[in-house]
Amino acid sequence: MKRRTKTWIVAITLILAIIVTLLISLNMGVIRITPSQVFQTLLGNGSEQNALVLFQFRLPRMVIALLIGAGMAVSGAILQSVTHNELADPGIIGINAGAGFFVVLYIYYFQDSIVQLGGTLSVYILPLFALGGSLVAAILIYVISWKNGVNPIRLILVGIGINSMFAALIIIFQLKMDPDDFTRATVWLTGDISGTDWSYVLALLPWILLFVPFAFYKAKSLDTLHLGDDVAKGLGTRVEGERSLLLFIAVALAGACVAVGGGIAFIGLVIPHLARKLVGATHQTILPISALMGALLLVLADTIGRNLLAPSEIPVGIVVSVIGGGYFIYLLMKS
Amino acid sequence: MTGHSTDEETPQRSNIVSRPLVATSILIGGLGFLFLTMCLSILYGAADIQFRTIWESLYSYDPSSTAHQIIRNLRIPRAIVAALIGAALAMSGSIMQGMTRNPLASPSIMGVTAGATFMMAIALALFPHSSNLMLMLWGFVGAGLGTGIVFVVGSISKTGLTPVKLALAGTAVTAILSSLSTAISIHFDIAKDVSFWYAGGVSSVQWIHVQLLAPVALIGFVIAIIVAGSITVLNLGDDVARGLGQQTLLVKIISTLVVLLLTGAAVSISGTIGFIGLVIPHITRFLVGVNYRWIIPCSAILGGILLVVADTISRMINPPFETPVGTVTAIIGVPFFLYLARREGRGL
């Protein structure tokens, strides 16, 4: 029971840290709003300007950061366990780039026709395209690295190759775009959540509400798969079936998050590590703690990106790459 | 990290042959073919130019003719620089792979290009009026920085720089450095200047670039040929090399300096052109065997041909717009990388 208590302490600390970060982040920015004004505004007693800034700009952005952080972290945790590789991450093995390529294709081919149908519709169709792209990338990686089974090293190397290929394809199509679409695509690809409004929250929320709890529900399968294929088979698990289902959850989460937040890498890699270090081995604790930590990291990174070089903003994807990449290199040196 | 290390395995015995005859024919025939591809590169482009016009522009230059100007001031330096850069990157890749016995070692994977781009971003942000020569020096410093980080990561970790760890360290270093470059370029509003290097290309090359690159490439080439024999010995493993009386550290230091010289110069002019340094050495080894005295010059010629051809293709994909040549080399190189990755299972 000691571990259980520890998990609860970690979870509550994380939730408190998230709330504090949210308050600080709501307060900071070009227009400063004090915590008491934030409370007043949240209660409906704030000035009109404060209400506009909070509800239309800062709050949706923070909610998106929380959702994407949680989704990416859970996706990474699943990928790492399923592939038996602690260095797996949707960004490194090309799943983000696959989603990115499909989104670029979508902007290139369909942007106009969808706008004619009604502008907000594209917010909801984009995640579907991104999901398609991440699935294509995942299937390519799986098929190419298959040779009497999928060896984790091969999977990572093939993923790095697939990543470069999609990156090249993205550039080719991006350069054919007109300047407006080009800028849209570039901002989107760096991993940016600055243009977020509530419609993005509504587009992403169903995916997170569906797949994150589903992942929690499948925690036991992850535990058995993590023991290795032979042991898992001995315990009566349908290894290939469970593995592909869990991979699908991971890819769906990454795809949806990338569609809204763009190419944010390293969260799925770094967070599950930290979570495992803090609360140890079973996925029933790793997954929820990863979700909380991922949410915290992304809100923090976005706050840093918004304020570090103010008035110019650093896209959140850049901040995460620098923090996450640094930690990743530290892990490589230790391994 | 799971999985076994393939670093300690000796090279496959069946490959230990040298084919001087093939190598000689690559050196002679390849040079001819390189010249031919350069002519084609000069011939094809957005402006329609006859072969006869090229000749005329060389021997009876008419400054008032646009075609003559395009050929002499744009296309000829471009073809020369493409050939030199392709050669420099391929040679660097050969040296790196031979020295580290790591099949994935190459400039773009080892963070050399990302480091150079990063330093270039800093230079453009802080000293916007730097000369081409200064930018080249920044390129060297950055190339050294990127390689340094990847090497440190690899040497500190206990299992050494295995192919997988190298690829991962390279990916992470590239991600961090290019993120920092983007942040700098956003803050200083120089995104357009930096993206020129990032996309990779030789489209705005002028004679000044030939004048800067040619001497550096020549020096690098000569030193590379001098150390080539030592690299062959080094490729048998550090212990064997030491047993044969080689000063392995000295050879490694000289080789690393040559790599930095060649890639730093190449990257400072053309930006990130990936996969040439990875693919060409493998193809060359397949063709000429294991002797680096043959591998290094042959890979230089094949690398030159590949980049000149890729540059010509990049102009034909979407005329009159130019597709960055780095994407063309990536699309040629990725299938090869995947092939290597699949081979990883049986030990490289």
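Guide: In chain B, 77% of the contacts between residues at least 6 apart in sequence join residues at least 24 apart; contact means heavy atoms within 4.5 Å. This is a predicted model, in which local features need pLDDT of at least 70 and side-chain atom pairs count only at pLDDT 80 or more, while totals for chains, interfaces and linings use all residues. Residues are numbered from 1 along each chain as its sequence is written, chains are lettered from A and ligands numbered from 1 in the order in which they are written, and side-chain values use heavy atoms, with hydrogens and water left out.

Chain B contains 13 helices and zero strands (DSSP runs, H or I of at least four residues for helices and E of at least two for strands, numbered from the N terminus). Its pattern along the sequence reads α-α-α-α-α-α-α-α-α-α-α-α-α. Of its 348 residues, 55% are buried (under 20% relative accessible area, with exposed over 50% and partly exposed in between; 1.4 Å probe, protein chains only). The chain exposes about 14600 Å², and carbon and sulfur atoms supply 69% of that area (Shrake-Rupley method, 1.4 Å probe).

Helix α3(B) covers residues 66-100 and helix α11(B) covers residues 276-288; their axes come within 7 Å and cross at roughly 70 degrees (lines fitted to C-alpha atoms over the stretch in contact, with angles from 0 to 180 degrees between N-to-C directions). Because of that angle, α3(B) is roughly perpendicular to α11(B) (65 to 115 degrees; under 35 is roughly parallel, over 145 roughly antiparallel and the rest oblique). The crossing of α3(B) with α11(B) is right-handed (the near helix is turned clockwise from the far one by less than a right angle; anticlockwise is left-handed).

On the α3(B) side, the residues taking part are G86(B), L89(B), A90(B), G93(B), S94(B) and Q97(B), and they meet I276(B), G277(B), L278(B), I280(B), P281(B), H282(B) and R285(B) in α11(B). By class, this contact of α3(B) with α11(B) comprises six nonpolar, six polar and one charged residue (Ala, Val, Leu, Ile, Met, Phe, Trp, Tyr, Cys and Pro are nonpolar; Asp, Glu, Lys and Arg charged; the others, Gly among them, polar).

S299(B) lies in helix α12(B), residues 292-316. Apart from neighbours within four places in sequence, S299(B) is in contact with A90(B), M91(B), S94(B), I280(B) and T284(B). S299(B) has a relative accessible area of 0%, which means that this serine is buried.

The axes of α4(B), residues 112-126, and α5(B), residues 132-156, come within 6 Å and cross at roughly 135 degrees. These two helices, α4(B) and α5(B), are therefore oblique to each other, and α4(B) passes α5(B) in a right-handed crossing. Among the residues that meet are F118(B), M119(B) and M120(B) in α4(B), and W138(B), G139(B) and V141(B) in α5(B). The contact of α4(B) with α5(B) has twelve nonpolar, five polar and no charged residues.
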